[in-house]
Amino acid sequence: MTVRQTQLIGLLGGMSWESSALYYRLINEAAHRRLGGHHNARSLMFTLDFDELNDLAAKGEWEHVAEVITKAARHLEAGGAAFAMMTAVTAHYVADKVAEAIKVPLLHIADPTGKSLQAAGHQRVGLLGTRYTMELGFLAERLQRQFGIEVLVPPEEERTALHRIIIDELTLGIVKPESRAVLLQLANGLEARGADAIVVACTELPLLVAMEDYPMPGYDVVRLHADAAVELALAGAPSQDERS
């Protein structure tokens, strides 16, 4: 009997462990949808210490962040991973540096989202995520440069409030109804400024609001990233003969 297996997916985890657990579930759900039976995705995860990385990011020590993540990526590479992916959005600020330092490909989170937005005809979108994701431009600039999509972010005070909700609540597994109301208010504000879709660029934000509950089409970058990882893992994985 001929069966299919995925290539080994290298997961850079621990940013936070909540997001890593979500990625692991989404990737294996996607693999099961594609392969059926009792199949799941073959993967290898290196779990980093989020407290260390969060502290470095808060101090603006992004070069050090890149070094820590690169070291972990090399462990995945040595372990046989066909490609690597970060199980967090904010960490993609150093994605180019990590990609340049390893031999296997790094699957960037912006690309599956850009392809989906472009296919749906969206030209101006609102971006929600951590303060780093909304302010440092690494996601917005890639969407603009590679897919021609304009990206709007909330005003500074609202960005600060959302960042606090993500870091002080959601990364600790705390979900509050009042925080859900804040998130929907931010989305309404972006729609009023001309956004025709919402890019939800944080692993934890779907804990507060489901994509269908936004006032306009919502795109979960994490789910799209996970689905793209399975597609990539299957694309390079030859079928194998299994003898019963």
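## The four-stranded sheet

An open sheet is formed by four strands in the order β6-β5-β7-β8, with parallel pairing. Strands pair if DSSP finds at least two bridges between them; strands (E, at least two residues) and helices (H or I, at least four) are DSSP runs numbered from the N terminus. The edges are held by β6 (150-152) and β8 (218-220), each with a single partner strand, so one side of each has no neighbour in the sheet. From one strand to the next, the twist averages 30°.

Strand β5 (residues 124-129) runs parallel to β6, joined by three bridges. Gly126 has Leu152 of β6 as its bridge partner.

## Basis of the model

This is a predicted model, in which local features need pLDDT of at least 70, side-chain atom pairs count only at pLDDT 80 or more, and totals for chains, interfaces and linings use all residues. Residues are numbered from 1 along each chain as its sequence is written, and side-chain values use heavy atoms, with hydrogens and water left out.

## The three-stranded sheet

Three strands form an open sheet in the order β3-β2-β4, with parallel pairing. Here β3 (43-47) and β4 (83-86) are at the edges; each has a single partner strand, so one side of each is left without a neighbour in the sheet.

Five bridges pair strand β2 (residues 9-13) with β3 in the parallel sense. The bridge partner of Leu12 in β3 is Phe46.

## Helix packing

Helix α5 (residues 110-120) lies across β5, β7 (198-201) and β8, and runs at about 155° to β8. Angles run from 0 to 180 degrees between N-to-C directions, with axes as lines fitted to C-alpha atoms, for helices over the stretch in contact; contact means heavy atoms within 4.5 Å. On this sheet α10 also packs, touching β7 and β8, and its direction makes about 50° with that of β8.
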